[in-house]
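Dear colleague,

I am handing over the structure below, together with notes on what was found in it. Please read the notes with the structure open beside them.

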Number of protein chains: 2
Amino acid sequence: MAKVGKISGFPEWLPEQKIAEEMVVGTIKRIYESYGFAPIETPAVELLTTLGSKGVIDKEIFVVQRLKAEESDEAELGLHFDLTVPLARYVAQHAHELSFPFKRYQIQKVWRGDRPQRGRFREFYQFDIDIIARNDLPLSCDAEVVGVVGLVMKALPVGPYTFRINSRKLLSAIYGALGLEGESRAAAIRAVDKILKIGRDGVAKELARIPSISPSTIDSILTSTEIQCSISELAGRVAALKLSDVLIEEGVKDLSTICDLVPAEVASGITIDLSLARGLDYYTGLIVEVSLDNYPEFGTVVAGGRYDNLASEFTDQKLPGVGVSIGLTRLMDLLISERLVSTQRKSPSIALVTVYDENDRPLCNQIAHELRSLEICTEVYFKSPKLGKQIEYAEEKGIRYVLFIDGSSRQIRVKDLHTKEQIEIASIASWASSISKALC
Amino acid sequence: MAKVGKISGFPEWLPEQKIAEEMVVGTIKRIYESYGFAPIETPAVELLTTLGSKGVIDKEIFVVQRLKAEESDEAELGLHFDLTVPLARYVAQHAHELSFPFKRYQIQKVWRGDRPQRGRFREFYQFDIDIIARNDLPLSCDAEVVGVVGLVMKALPVGPYTFRINSRKLLSAIYGALGLEGESRAAAIRAVDKILKIGRDGVAKELARIPSISPSTIDSILTSTEIQCSISELAGRVAALKLSDVLIEEGVKDLSTICDLVPAEVASGITIDLSLARGLDYYTGLIVEVSLDNYPEFGTVVAGGRYDNLASEFTDQKLPGVGVSIGLTRLMDLLISERLVSTQRKSPSIALVTVYDENDRPLCNQIAHELRSLEICTEVYFKSPKLGKQIEYAEEKGIRYVLFIDGSSRQIRVKDLHTKEQIEIASIASWASSISKALC
């Protein structure tokens with residue numbers, strides 16, 4: 001007998017957990033679609049040359065090969081480790097077939113060969129949105145992404161959260177005005193990015209490693225990271241740094257423009273946070289992170305930003321974009337383990353038609369058929385044991401209504417397993433309309 | 001610049017094609033869920049020992065390895081090549097956490113290292129349903145699977161189709177009564193399975209290879225394959241074979257019981273076909289295949305059957321099942337290339353709010369917000385060029401309604417790009433309710 005085991009880092013849900021995941025995905029999807037984001041899907045694999053296009057190929061990548069590959073000339077393939085590289089390749093490859101601005105969402109598994117640990121998976125879903133334009137992308141798109149993320153966060157059952165944004169342009173301008181350029185500036189951004197992990201002193205140490213950086217510059221950088229305020233306070237707080245630079249003004253203005261275009265209900269919950277840096281090199285403007293107040297160790301739920309050129313490795317066209325990613329599997333892991341979503345329902349069924357006698361099965365099937373035509377997912381019990389056993393099955397699967405059919409009188413009784421009430425019903429249609437609200 | 005190329009055998013859709021796929025998946029899913037099938041999902045990978053559990057590991061399998069794996073003791077993993085082996089492993093592993101009968105659907109990609117060719121992919125979606133019971137599975141479950149497949153076929157835009165069923169039990173009993181046992185009988189079933197590909201003469205040649213088979217047995221087998229009839233004719237046609245055997249009677253009776261429990265609208269379209277054999281060894285009762293009359297070269301759209309013991313490689317429990325699989329990617333390839341589904345919509349958006357002047361953007365956003373709250377997916381144009389250019393964008397993306405907002409008078413006009421009519425609307429709510437029917 002083959003050994004049945006869990007493969008570490010490759011999670012799988014029980015039906016009730018998968019149903020909960022589908023509800024969460026449905027909620028996020030409806031919000032993204034309401035803004036006109038269209039679905040795309042790319043293969044699980046890309047050429048290794050594509051995956052390595054952003055620089056070194058990391059040991060995180062899983063390589064895919066035929067077990068008994070004969071042809072040595074077969075392409076070298078790897079499983080994608082995020083949805084950004086596939087998006088860049090997709091947009092470059094299909095640019096002539098797409099309409100711009102291209103607004104897409106993508107819900108797919110990605111694979112990373114990291115050492116598995118709590119909350120870290122080797123296979124997990126990401127849920128990404130991006131808006132890609134040709135040549136230039138107005139700030140209205142940054143605002144749209146911020147707004148839609150705000151609506152998603154309001155819809156997720158995660159409790160209070162902190163929604164922080166910043167601008168790489170503003171950070172660069174400030175660090176530039178402090179005399180940091182090129183690689184020194186990039187190193188400073190990477191150091192500040194670690195502030196939540198290693199603290200202010202840790203960042204100070206990292207900054208001190210930058211060649212010819214002065215203690216006063218380090219101080220100024222650390223002071224700037226203390227700016228965590230509302231958008232209305234930002235200009236004043238930045239002015240207090242006493243660094244005059246036209247690019248600093250521009251960075252502040254960009255963030256104001258974005259916040260002005262975000263729905264008021266979302267904008268009021270946003271913190272501008274100059275300690276937010278994001279590690280990846282390719283961001284050039286807005287950066288976004290959302291974290292959960294009740295679960296600080298969880299890290300970010302949503303993260304992303306703007307990049308001036310998504311697909312520069314694959315095409316000469318300039319394709320600026322802005323987008324965010326949700327780590328869906330990690331989020332579901334949290335929602336399920338913290339019981340923030342219900343996992344009561346092991347089945348989409350709302351009703352179970354019991355079968356008292358096998359001869360009644362065709363009648364039971366007919367009643368189930370009528371229920372289904374009224375959009376009530378219905379099962380007919382597969383055998384005809386004692387009714388108690390059939391009711392137990394409904395209880396076990398979280399099916400709320402149990403129907404009892406009298407084959408000779410054609411009388412129908414319904415038991416509501418939530419209220420424990422049992423009633424006789426006159427017609428399926430009238431009963432169905434009476435419960436339809438409870439199904440939503 | 002990295003080379004951007006299509007990886008042969010790994011298809012990917014444009015947004016308008018993906019939207020069409022989502023509609024088809026939604027249709028099938030709604031039908032399966034209405035019968036209480038619950039979603040599950042398994043990792044893309046399984047242990048190679050699991051994948052090889054049904055016997056030899058085939059060269060079809062793609063192996064997955066970390067690019068720079070250091071630990072030699074890491075588990076050997078491969079991408080799953082179907083959803084049946086993962087289901088068997090899942091049910092065995094989680095048996096204590098599942099409620100039986102376990103009714104699940106599963107929509108996932110599978111990977112096979114076959115040589116790519118038209119209609120054959122290396123990565124493709126399968127859409128499976130199965131009902132798994134403990135110890136014994138009544139024929140009501142076979143009937144449910146047949147019924148639900150019938151409803152799916154009626155809902156798919158594929159034109160006329162042929163829905164054939166047979167019983168492995170009946171075939172075995174007939175071939176047994178003709179004196180074939182064990183491996184000879186299995187070889188006869190595999191030979192008959194090829195009848196559509198190699199014809200009657202080809203099957204005769206294959207049968208002749210079976211050790212000590214007589215010419216009259218070959219004739220009788222070929223005569224039995226001519227039984228292609230309605231369920232009501234079956235008993236008479238089988239009796240005409242003049243093979244008396246209690247197992248033959250049982251096989252005929254099982255098929256009758258199944259057909260009696262299938263909704264009349266589905267049952268009337270079913271052909272009992274004794275030339276239908278299905279190649280796989282594990283079927284033990286009902287077998288099912290649906291093919292498309294207008295696309296004979298396409299092969300089967302839906303195929304499956306009953307197996308007495310799904311998970312025998314992984315557990316001592318007896319877990320009989322019945323289920324079918326839809327080759328979703330192949331089906332979508334057909335629907336798209338034969339234009340059987342619409343691929344007009346490149347976006348979920350129904351409405352585009354144009355922006356005449358950037359100063360009007362907040363007002364435009366507000367109107368879009370109102371539309372979205374009425375479940376009308378809406379985009380606001382991202383810039384404010386000439387209105388003609390904005391209308392062009394809506395046309396390109398297949399967005400039907402274009403709204404024009406007068407920032408000072410707050411007058412709203414709507415152009416319907418299908419009818420070319422333009423009207424002034426009094427309120428968003430009243431207009432939205434007037435179009436809601438057109439959206440379904």
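Q228(B) has D273(B) as its bridge partner in strand 9 of chain B, and strand 8 (residues 228-229) of chain B runs antiparallel to strand 9 of chain B, the two being joined by two bridges. Strand 9 (residues 270-273) of chain B is also joined to strand 7 (residues 161-167) of chain B, here in the parallel sense and through three bridges, with F163(B) standing opposite I270(B). Strands are counted as paired if DSSP finds at least two bridges between them, and the elements themselves are DSSP runs numbered from the N terminus, helices being H or I with at least four residues and strands E with at least two.

Please keep in mind that this is a predicted model, in which local features need pLDDT of at least 70 and side-chain atom pairs count only at pLDDT 80 or more, while totals for chains, interfaces and linings use all residues. Residues are numbered from 1 along each chain as its sequence is written, chains are lettered from A and ligands numbered from 1 in the order in which they are written, and side-chain values use heavy atoms, with hydrogens and water left out.

Strand pairing also crosses between the chains: strand 3 (residues 62-66) of chain A and strand 3 (residues 62-66) of chain B pair in the antiparallel sense over five bridges, and F62(A) has R66(B) as its bridge partner there. Chain A is superposed on chain B by a rotation of 180° with 0.0 Å of shift along its axis, at an RMSD of 0.0 Å (least squares on the C-alpha atoms of residues with pLDDT of at least 70 in both copies). That is the relation of a two-fold axis. Of the residues of chain A, V64(A) comes closest to this rotation axis, its C-alpha lying at 2.4 Å.

The contact (heavy atoms within 4.5 Å) takes 104 residues from chain A and 104 residues from chain B. The area buried between the two chains is about 8600 Å², of which carbon and sulfur atoms give 57%; buried area is the accessible area, for a 1.4 Å probe, that two parts lose on being put together, summed over both. E12(A), E41(A) and F382(A) supply 8% of the area that chain A buries against chain B, more than any other three residues.

A salt bridge is taken as a side-chain nitrogen of Lys or Arg within 4 Å of a carboxyl oxygen of Asp or Glu. By this rule there are 48 salt bridges over all chains, and the count between chain A and chain B is 12. The side chains of K109(B) and E41(A) meet in one of these, at 3.0 Å from N to O, and the pair runs from strand 5 (residues 102-111) of chain B to the loop between strand 1 (38-39) and strand 2 (45-47) of chain A. K103(A) forms a salt bridge with E379(B), with 3.8 Å between the closest N and O atoms.

As for the backbone, a cis peptide bond with omega about 0° joins F100(A) and P101(A), and P101(A) lies in the loop between helix 3 (84-94) and strand 5 (102-111) of chain A. In chain B, the peptide bond from F100(B) to P101(B) is cis, with omega near 0°. R410(A), a residue other than glycine, has a positive phi near 65°, and its place is in the loop between strand 15 (401-405) and strand 16 (412-416) of chain A.
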